[in-house]
Amino acid sequence: MGGGLRKGLLAAVAACAMTAAGIAGLPGTAAAVEVRFDAGAVPTGGHVVLPMAGAALSGPAAAVDAATGGALARAMAAAGYKGDEGAVLSLYALGGYDRIT
């Protein structure tokens with residue numbers, strides 16, 4: 001795994017942990033958040049985190065783009081997202097997903 005991709009994955013894990021901790025303290029939200037890591041299956045909804053090196057869509061990112069009818073690629077282009085190291089893009093209510101990061 002390349003250094004940039006490894007850093008992105010670690011950042012995603014940290015973000016999931018922070019999100020889970022924050023949600024537990026909010027009134028009216030569930031006390032537990034399910035976080036799964038699965039390299040084989042692409043989720044069809046919920047919040048999906050796609051660690052990427054560059055803006056090319058491949059693997060799970062390409063599958064999510066296909067599931068959104070190309071909306072992921074169009075949103076990335078519209079936002080000027082280039083996938084630079086440390087860059088984060090969060091998209092809400094895209095296709096059947098609550099959030100794509």
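Predicted model: local features only at pLDDT ≥ 70, side-chain atom pairs only at ≥ 80, totals over all residues.
One of the residue pairs involved is formed by Leu91 and Ile100, the latter being the bridge partner in β3. Strands of a sheet are held to one another by backbone hydrogen bonds, in either a parallel or an antiparallel arrangement.

The pairing of β2 with β3 belongs to an open sheet of three strands, in which the order is β1-β3-β2 and the pairing is mixed. The edge positions are taken by β1, covering residues 46-48, and by β2, each of which pairs on one side only. On average, neighbouring strands of this sheet are turned by 25° against each other when direction is ignored.

Of the 101 residues in the chain, 21% are buried. The accessible surface of the chain amounts to about 6400 Å², and carbon and sulfur atoms account for 61% of this area. When contacts between residues at least 6 apart in sequence are considered, 47% of them link residues at least 24 apart.

Nonpolar side chains in soluble globular proteins tend to be buried together. In the present model, the largest nonpolar core comprises 15 residues, and those with the most contacts inside it are Leu50, Val64, Leu72, Met76, Leu91, Leu94 and Ile100. At least two residues of this core are supplied by each of α2, α3 (71-79), β2 (91-94) and β3 (97-100). The greatest contribution comes from α3, which provides four residues.

Contacts of Met76 were examined with residues up to four places away in sequence left out of the count. On this basis, Met76 touches Met52, Ala55, Leu57, Tyr81 and Leu89.

A further position considered is Ala62, which is located in helix α2, spanning residues 60-67. Ala62 has a relative accessibility of 30% and is therefore classed as partly exposed, since that category lies between the buried limit of under 20% and the exposed limit of over 50%. The C-alpha atoms of Ala62 and Leu72 are 8.8 Å apart in space, while the two residues are separated by ten residues in sequence.

How values were computed
Residues numbered from 1 in each chain as written. Heavy atoms only, no water. Buried < 20%, exposed > 50% of the residue type's maximum accessible area, 1.4 Å probe, protein only. Contact = heavy atoms within 4.5 Å. Areas by Shrake-Rupley, 256 points an atom, 1.4 Å probe, with all protein chains shown as cover. Core = buried A, V, L, I, M, F, W, Y, C linked by side-chain atoms within 4.5 Å. Pairing = 2+ DSSP bridges. Axes fitted to C-alpha atoms, helices over the stretch in contact; angles between N-to-C directions.
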